[in-house]
Amino acid sequence: MNRLPILAAVLLTLAACQQAEAPAAAPATGATPAVATTGRAQVAPAFTLIDSEGVARSLADFRGKTVVIEWTNEGCPYVQKHYSSGAMQALQREAVADGVVWLTVISSAPGKQGHVEGEGARAWWTRNNAASTHLLLDPEGAVGKAYGAMTTPDMRVIDGDGRILFTGGIDDRPTNTVEDLEGANNFVRAALEDVEAGRPVRTAYAQPYGCSIKYPEEA
């Protein structure tokens with residue numbers, strides 16, 4: 001299979017981002033990022049982050065529940081596509097109403113696009129009419145890198161046993177155009193429907209698209 005067109009599309013997508021930076025490299029700690037490209041469920045890395053209200057939240061707190069993790073950056077036009085249309089918030093509400101825990105994560109480093117903290121994080125929540133369960137702050141990028149998250153948006157679906165069932169792009173329309181939401185195949189919604197129905201997730205991996213996560217510069 002010729003992979004050059006796919007690679008070219010990804011590079012063009014990243015280049016289109018506002019203040020885009022080169023994708024961050026995998027952690028130099030020897031940890032393996034949790035990227036499920038083979039369809040084989042992987043164990044979700046444990047983490048604890050501070051939320052927008054200053055409360056520590058751990059993945060372990062939600063054991064037994066389906067969890068969605070969404071990486072976001074308000075300044076990214078690909079994120080804006082999903083939020084300005086209300087599509088992301090609608091999906092968040094659907095999921096939470098079904099008992100899913102939805103964790104929105106901001107891994108932007110201080111001084112970089114999308115970074116928020118304290119009152120700024122609470123203002124982000126109100127301004128974006130967010131409907132996720134918690135907004136988690138990852139300014140050092142440790143959690144994002146542990147999960148191999150490279151773009152915004154980037155998504156994970158984790159089952160009640162802590163296994164990653166879906167990794168990657170939210171849908172099959174890798175653009176920043178709102179009109180392209182119509183008719184798009186939303187992989188997160190499909191994965192949640194599969195989990196609820198008790199069947200294997202049909203699409204375990206989708207090529208992520210969007211702006212590069214604004215991680216701290218590597219040493």
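This is a predicted model: local features need pLDDT of at least 70, side-chain atom pairs count only at pLDDT 80 or more; totals for chains, interfaces and linings use all residues.
Which residues do ring pairs link into a cluster? Phe47, Trp71 and Tyr147 are joined in this way.

**Aromatic pairs**

- Five aromatic pairs are present in the structure.
- In one of them, the ring centres of Trp71 and Tyr147 lie 5.8 Å apart with the planes at 50 degrees, so this pair is tilted.
- Trp71 belongs to strand β4, whereas Tyr147 sits in the loop between α5 (142-146) and β7 (151-152); the pair thus links distant parts of the chain, 76 residues apart.
- Both Trp71 and Tyr147 are buried.
- Tyr78 and Tyr209 form an edge-to-face pair, with 6.0 Å from centre to centre and 70 degrees between the planes.
- This pair also links distant parts of the chain, since Tyr78 lies in helix α2 and Tyr209 in the loop between β10 (205-206) and β11 (211-212), 131 residues apart.
- Tyr78 counts as buried at 4% relative accessibility, and Tyr209 is buried with a relative accessible area of 4%.

- Strand β5 (residues 101-106) is largely enclosed by the rest of the structure, because six of its six residues are buried.
- In a regular strand, side chains alternate between the two faces of the sheet.
- Both faces of β5 are covered, with Val101, Leu103 and Val105 buried on one side and Trp102, Thr104 and Ile106 buried on the other.
- β5 pairs in the parallel sense with strand β4 (residues 67-71) over five bridges, and Trp102 of β5 is the bridge partner of Val68.
- β5 also pairs in the parallel sense with strand β6 (residues 134-137), over four bridges; here Leu136 of β6 is the bridge partner of Val105.
- From β5 the chain passes through helix α4 (residues 119-127) to β6, in a right-handed β-α-β crossover.

**Helix α2**

- Six of the eight residues of helix α2 (residues 77-84) are buried, and the helix is mostly covered.
- These buried residues are Pro77, Tyr78, Val79, Lys81, His82 and Tyr83.
- After α2 comes Gly86, which has a positive phi near 85 degrees.

**The second largest pocket**

- The second largest pocket holds about 210 Å³ of space.
- Two elements, α3 (87-97) and α6 (187-197), each give two or more residues to its lining.
- The largest share of the lining, five residues, comes from α6.
- Among the lining residues are Leu91, Glu94, Arg189 and Glu193.

How values were computed
Residues are numbered from 1 along each chain as its sequence is written. Side-chain values use heavy atoms; hydrogens and water are left out. On a 1 Å grid over the protein atoms alone, a cavity is a set of points where a 1.4 Å probe fits but cannot get out, and a pocket is an open set with protein on both sides within 12 Å along at least five of seven lines; lining residues have an atom within 4 Å of a point. Grid points are joined across faces, edges and corners, and a volume is the space filled by probe spheres set on the points. Buried means under 20% relative accessible area, exposed over 50%, partly exposed in between (1.4 Å probe, protein chains only). Two strands pair if DSSP finds at least two bridges between them. A crossover is right-handed if, with the strands pointing away from the viewer, the path from the first strand over the helix to the second runs clockwise. Rings of Phe, Tyr and Trp (its six-membered ring) pair if their centres lie within 6.5 Å; planes under 30 degrees apart count as stacked, over 60 as edge-to-face and the rest as tilted.
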